[in-house]
Amino acid sequence: MSSLSPSQAVRPSLIAVLAVVLMADVLDLVDGTLTSIAAPAIARDLGGGAGFISWLGTAYALALGVFLVLGGRLGDRFGQRRLFLIGMAGFTLSSLACGLSVNPAMLIAARFAQGAFGALLIPQGMAILTSTFSRAELGLAFSAFGPVLGLSAMAGPLIGGLIIDADIADLGWRPMFLINIVIGLIGLPIAAWVLPKVPARPDVRLDGPGSLLLGLAMLAAIYGLIDGAEAGWIGAAGAALFASLVLFAAFARRQVTAEAPIILASLFRSRGFVSGLVVGFAFFATVNGLVFIISLFLQGTLDVSPSGAALRMLPMTLGIIVASVAGMALIPRLGRKLVVVGLGVTLLGAVLLALVIGVDGGRTVSFLAGALFVLGLGMGSCFGTIYDIALGDISAEEAGSASGSLSAAQQLAASTGMAVMSSAYLGEVSRLTGNGALLLCLAIAGAAILLSLPLTLLMPKAAPAELAH
């Protein structure tokens, strides 16, 4: 395939492929963030308690994180186009199940299914692009991801809030999921028409047992964290947490002995990779948990409507976008220093938000907006840099496994953070004021960031050259 100069346009047929891949990523991003705004309304409608609200925030990210690497390998083995179509069809059907859910258990199961099918869908898009586009075309195509996904991150919660407040046909929150049916019915035939057939590789090996062990370990850990906050740590919650440790040990053993492990054992001999993985996990757990409980605080304590909560959180999203764009230009010059700056600004944002809550409970919109904007700047400085830097010392042979492992870890961190933060917040709301519960969560976030900062010194000094330009 001939190369293009940066000024040339991507061929029309490939624009259609790019549009379909972007549509899938937008679906994933929007559905992953919707529950941060919709959780209180859903819980009121279906009668779920604190545990249900916590599971709403974690179920999707948990399933996505557990099966993401396996989904990519399935695409390699059976063909990315086939898995993309299966993933989109399953995502559409599970969205229908979400919208028609009549009780908390049905909705949580449907959200798990959404995440699992998302894990089949998302990896295929990037694989199709890299196998179809030339290197020059890829640069132009990837330049579309930032703006599109940034706008989706900004618009998703706001659209969700507006849908809930509009109460379309007395359906409340349900159209947020049911709209995916329309997107799926339109997108599936288009995807089947425009996506190229990438040759399958039947020789690709899968680690199904490893994925199962990881899934059970994470499920037990999340259940223990959520149930322990509600019912105490002795009993089912304690047993679940102990079981998760045993299952994690079995998973680690499996990664050493499996022919095609999810995570190459050699990666854990890289100090830079391991430290980056730990810093990233702590960071993504912290910020995803904070975003979730800030929405709960706005709606529960300040009695703001869902759309009002989305609007008040908009400065944070703007901060994320501004810092993410700036970070792309700064990472070649600053390397891991940008991670340190990002963590420091995130910590400053958490401190400012704590001061705002302490002064007037967050009721002065301008003060709240300023603190959230600073918090967003810190988040955006780290979102696209922590795991890029973590790959700095990885060999070319390990790059694929390392990148996939970090993507999965980011989703698992999100599910863990939402479980921990929401459990802490909801568990304390009944004993403290909403202000006090939020301050507790901000203290947890601050402690996690402070503990992460020294580990940045062990990370590689720069991202790989192909990521830093």
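Trainee: What volume does the second largest pocket have?
Mentor: The model is a predicted one. Rolling a probe the size of a water molecule over the atoms shows where empty space is left. For the second largest pocket, the volume is about 470 Å³.

Trainee: Which residues are the closest to the centre of that second largest pocket?
Mentor: The lining of the second largest pocket is made up of 21 residues. The closest to the centre are Leu214, Phe251, Ile263, Phe268 and Leu277.

Trainee: Which helix supplies the largest share of the lining of the second largest pocket?
Mentor: Helices α2 (50-78), α7 (208-231), α8, α9 (271-300) and α15 (396-429) each give at least two residues to this lining. The largest share is five residues, and the helix they come from is α8.

Trainee: How many charged residues are in the lining of the second largest pocket?
Mentor: Sorted by class, the lining has 18 nonpolar residues and three polar ones. The number of charged residues is none.

Trainee: Is Val256 buried or exposed?
Mentor: Val256 belongs to helix α8, which spans residues 236-257. Its relative accessible area is 56%, and the cut-off for exposed is over 50%. Val256 is therefore exposed.

Trainee: How far apart are the C-alpha atoms of Val256 and Leu46?
Mentor: Along the chain, Val256 and Leu46 are 210 residues apart.

Definitions and conventions. Residues numbered from 1 in each chain as written. Predicted model: local features only at pLDDT ≥ 70, side-chain atom pairs only at ≥ 80, totals over all residues. Heavy atoms only, no water. Helix = DSSP H or I, 4+ residues; strand = E, 2+ residues; numbered from the N terminus. Buried < 20%, exposed > 50% of the residue type's maximum accessible area, 1.4 Å probe, protein only. 1 Å grid on protein atoms, 1.4 Å probe; cavity = no way out; pocket = protein on both sides within 12 Å on 5 of 7 lines; lining within 4 Å. Points joined across faces, edges and corners; volume = space filled by probe spheres on them. Nonpolar A, V, L, I, M, F, W, Y, C, P; charged D, E, K, R; others polar.
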